[in-house]
Amino acid sequence: MKVQPFHLAIPVSDLQKARQFYKEILGCGEGRSSDHWVDFNFFGHQLVIHYKPAEETERAHSNPVDGKDVPVPHFGVVLEWDVFQEFANLLRSKNIEFEIEPYIRFEGQVGEQATMFFKDPCGNALEFKAFKNKEQLFAK
């Protein structure tokens with residue numbers, strides 16, 4: 001099955017800080033923009049950051065997964081296994097503070113995956129992961 005690009009719009013309380021983060025830290029190409037929003041090429045998907053005052057955003061929470069407090073909501077991309085560590089090292093070199101440090105989840109089990117969580121400057125949680133066997137993406 002061919003994967004279609006998704007479109008995701010998220011709130012940010014500081015458009016310039018978020019713009020800098022997605023462009024300079026994550027390396028996303030910038031598309032159209034206005035005074036209130038910016039489009040990005042987020043690993044082949046369309047991510048749009050929209051300005052929303054901080055006092056109007058919802059407070060995030062977390063759920064336990066594999067002994068860790070996973071922030072909810074969150075979004076991200078499934079990377080290739082060999083790209084994951086390179087990307088984690090790039091983020092470390094840019095002084096990203098991880099919510100959950102890169103590690104292997106469900107090691108030796110169906111769905112074994114590398115994962116990491118961090119937040120953008122406006123508090124949106126991101127998860128990047130890679131599956132040891134990508135065919136197990138939806139395995140039970």
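Predicted model: local features only at pLDDT ≥ 70, side-chain atom pairs only at ≥ 80, totals over all residues.

Which residues do ring pairs link into a cluster? Please take me through that part step by step.

Author: Happy to! Residues are numbered from 1 along each chain as its sequence is written, and side-chain values use heavy atoms, leaving out hydrogens and water.

Now the cluster: ring pairs join Phe21, Tyr22, Phe40, Phe42, Phe43, Phe75, Phe87, Phe98, Phe118 and Phe128. Rings of Phe, Tyr and Trp (its six-membered ring) pair if their centres lie within 6.5 Å; planes under 30 degrees apart count as stacked, over 60 as edge-to-face and the rest as tilted. By this rule there are 11 aromatic pairs. One of them is formed by phenylalanine 21 and tyrosine 22, edge-to-face, with 5.0 Å from centre to centre and 85° between the planes. Phenylalanine 21 is buried at a relative accessible area of 6%, and tyrosine 22 is buried too, at 0%. Here, buried means under 20% relative accessible area, exposed over 50%, and partly exposed in between (1.4 Å probe, protein chains only).

Next, look at phenylalanine 98 and phenylalanine 118: their ring centres are 6.2 Å apart and their planes meet at 85°, so this pair is edge-to-face. It links distant parts of the chain, 20 residues apart, with phenylalanine 98 in strand β8 (residues 98–105) and phenylalanine 118 in strand β9 (residues 113–119). Helices (H or I, at least four residues) and strands (E, at least two) are DSSP runs, numbered from the N terminus. Phenylalanine 98 counts as buried at 10% relative accessibility, and phenylalanine 118 does at 0%.

Phe87 takes us to a helix. In α2 (residues 81–93), Phe84, Phe87, Ala88 and Leu91 are buried. These four are on the same side of α2, because they cover an arc of only 105° around the axis (the arc of the directions from the helix axis to the C-beta atoms). On the other side of α2, Asp82, Glu86 and Ser93 are exposed. The buried residues of α2 pack against α1 (15–25), β7 (74–79), β8, β9 and β10 (125–131), where contact means heavy atoms within 4.5 Å.

Finally, find phenylalanine 43 in the loop between β3 (37–42) and β4 (45–51). Phenylalanine 43 is partly exposed, at 33% relative accessible area, and its phi is positive, near 55°, in a residue other than glycine.
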